[in-house]
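This report examines selected features of one protein chain. Please look at the sequence and the structure before reading the sections below.

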Amino acid sequence: MQLQVMNSPFNQEQTELLNRLLPTLTETQSLWLSGYLSAVQSSSSQAAPAVEELPAMASGSAISKEMTILFGSQTGNAQSLAKKAGKTLEGHGFQVTVSSMSDFKPNNLKKVKNLLIVVSTHGEGDPPDNALTFHEFVHGRRAPKLEDLRFSVLALGDSSYEFFCQTGKDFDKRLEELGGTRIAPRVDCDLDFDEPAAEWVESVLAELNEGQSSVNSSGTAPAAQAPAAESVYSRSNPFRAEVLESINLNGRGSNKETRHLELSLEGSGLTYQPGDSLGVYPENDPELVDLLLEEMNWDPEEEIKVKDEVVTLKEALHSHFEITVLTKPLVEKAAKLSGNEDLLQLVSQSDQLKAYIDGRDLIDLVRDFKPWNGTAQDFVSILRKMPARLYSISSSLEANPEEVHLTIGAVRYDAHGRERKGVCSILCAERLHPGETLPVFIQHNENFKLPGNPDTPIIMVGPGTGVAPFRSFMQEREETGAEGKSWMFFGDQHFVTDFLYQTEWQKWLKDGVLTKMDVAFSRDGDEKVYVQHRMQENSKELFQWLEEGAAVYICGDEKHMAHDVHNTLIDIIEKEGGLNRDEAAAYLAEMQQNKRYQRDVY
């Protein structure tokens, strides 16, 4: 229909413009425009500040269209999923607030009507750093009754750990205890979390929109939410990055092999900031795959189905499935598949199963409990998808345009009579050469970032491969001309063979980019010396930096190093600040709350 001044409320100029525009719109653009105009009209015509309500649910109560999404994230996975869920809900007409748990005021929890929790589990069933305060509040005596709260939890974890998704389970149970009602059941995600997370969002929407017409289906368009320049490459669509360099950073005679990899991002559109990680999808060792095929007497060329793709059995075991780690869910599924009485007995005894899993892989399992029933297709259907490995990026994009650098320690050890190798680290150390490619994606981590103010002093603690993000920090600060003081604590086994990036650190010290550096080489003396000992030796100056507003960063082993460094910081604050233990711990907790204490630990 042609618009005219007589049949519309528009003037002559407006009708001419609209008549030229409307016939050129695609169906998607028309729907977007319709939803946009409806939203504008709705917001401008609201006479009262009352929150828009959804139609009554099955319970008979009206549901607010306000939604709060809180995330607790150590590496950035929970944060990205929370933001993605927020965009989806906004596309269905909800007014969404997405926030880190550390930025959310716990006392406001009583005011929230709809709450989604997206949280990972860290270490031995612990909350991630930015969830600690909120977790403590919710589980403490000050937590309010939440009879009016509707909630749902998405839990992230790794089923190879004993306390799988424990933090999510804790939140789910506690919110129910406080009187909350579930919008949708909790979903526990393993390392392959994209599909179950999407299904969780769909289930939440289905419940919220129960009894509602499809009015919102043509509302605001999610397509307008993504930045135009966003890369098409992601976790679900990785970029094949060419290897430019692969260098062993350790000297001759070292007990270690640490690989410095330089990868090209040319043509990918991928960008990153210091503190982000690179996800890498590795391939299994061909020798291990051949050994498994031989043990099971399988035909390597047999075709099997992997989701919607048909591949050979050898290709599936090489590229698609994890075969080097045993998890409790995997062994339980294997027991049902085999019917082996000894294996069924093992899975029924939790402590014995835990002891058996430690240090063993799929080869051990098939050898110890054969013969196996079922087809090759049946067997691979119980295996976990090959998970990506995340590595802290050790370069600055400003200093290395269209490149990304990694610092990877090769993992080799003996267990249960066999040599074991890290899947990704040994791929990079032994089988990957310049000119070949790796499937990669950027994992943004907002929880490990340089201060916004370049004049802020920084203290970095990164022994071994924990040095990686701090190389990135230094390159970035050199490029931007940051004036703030910087102090690096580095440690490894031997000065001569294991001082990673030694010449670069010396140059930054000489040029004034790095203010101060202390090193600890544990095997060079009669007594072992670690980074925390160097921190203790400099306790007075270190505390002075803290009092001046310095931000502290820790990267590396969570179980030992990061734990020891954390306690050392409390010791220093207690001693130099004249505080008792609880006050010193509160001082550090406040630093963490203010993002002046950040950790990238694994």
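**Two helices in contact**

In this predicted model, helix α19 spans residues 539–547 and helix α20 spans residues 558–577. Two packed helices are described by the angle between their axes and the distance between the axes. The axes of α19 and α20 come within 9 Å and cross at roughly 90 degrees. Angles of 65 to 115 degrees count as roughly perpendicular, and α19 and α20 are therefore roughly perpendicular to each other.

Which residues of α19 and α20 meet? On the α19 side they are Ser-539, Lys-540, Leu-542, Phe-543 and Leu-546. On the α20 side they are Leu-569, Ile-572, Ile-573, Lys-575, Glu-576 and Gly-577. By class, the residues of this contact between α19 and α20 comprise six nonpolar, two polar and three charged.

**Cavities**

How many cavities of 30 Å³ or more does the structure hold? There are two. The largest cavity contains about 60 Å³ of space. Its lining consists of Leu-191, Asp-192, Phe-193, Asp-194, Arg-235, Tyr-281, Lys-385, Met-386, Pro-387 and Ala-388. Six of these lining residues are nonpolar and four are charged, while no polar residue is present.

The second largest cavity holds about 30 Å³ of space. Glu-322, Val-325, Thr-327, Leu-330 and Arg-384 form its lining. This lining divides into two nonpolar residues, one polar residue and two charged residues.

**Backbone features in loops**

A cis peptide bond is found between Lys-370 and Pro-371, with omega at about 5 degrees. Pro-371 belongs to the loop that connects α12 (362–368) with α13 (376–380).

Two residues other than glycine have a positive phi, namely Cys-165, with a value near 55 degrees, and Glu-402, with a value of about 60 degrees. Cys-165 is located in the loop between β6 (150–156) and α5 (166–177), whereas Glu-402 is located in the loop between β14 (389–392) and β15 (403–409).

Are these residues buried or exposed? Under 20% relative accessible area a residue counts as buried. Cys-165 has a relative accessible area of 1% and is therefore buried. Glu-402 has a relative accessibility of 45% and so counts as partly exposed.

**A residue in strand β5**

Ser-120 is part of strand β5, which covers residues 114–120. Its relative accessibility is 14%, so Ser-120 counts as buried.

Which residues does Ser-120 touch, when those up to four places away in sequence are not counted? The contacts of Ser-120 are with Gly-72, Ser-73, Gln-74, Ala-78, Pro-128, Leu-156 and Thr-167.

**The chain as a whole**

The chain has 602 residues, and buried residues make up 48% of them. Its secondary structure includes 21 helices and 23 strands.

Contacts in the chain can also be described by how far apart the two residues are in the sequence. Among contacts between residues at least 6 apart in sequence, 75% join residues at least 24 apart.

Note on methods
Residues are numbered from 1 along each chain as its sequence is written. This is a predicted model: local features need pLDDT of at least 70, side-chain atom pairs count only at pLDDT 80 or more; totals for chains, interfaces and linings use all residues. Side-chain values use heavy atoms; hydrogens and water are left out. Axes are lines fitted to C-alpha atoms, for helices over the stretch in contact, and angles run from 0 to 180 degrees between N-to-C directions. Helices (H or I, at least four residues) and strands (E, at least two) are DSSP runs, numbered from the N terminus. Angles under 35 degrees count as roughly parallel, over 145 as roughly antiparallel, 65 to 115 as roughly perpendicular and the rest as oblique. Contact means heavy atoms within 4.5 Å. Ala, Val, Leu, Ile, Met, Phe, Trp, Tyr, Cys and Pro count as nonpolar, Asp, Glu, Lys and Arg as charged, and the others, Gly among them, as polar. On a 1 Å grid over the protein atoms alone, a cavity is a set of points where a 1.4 Å probe fits but cannot get out, and a pocket is an open set with protein on both sides within 12 Å along at least five of seven lines; lining residues have an atom within 4 Å of a point. Grid points are joined across faces, edges and corners, and a volume is the space filled by probe spheres set on the points. Buried means under 20% relative accessible area, exposed over 50%, partly exposed in between (1.4 Å probe, protein chains only).
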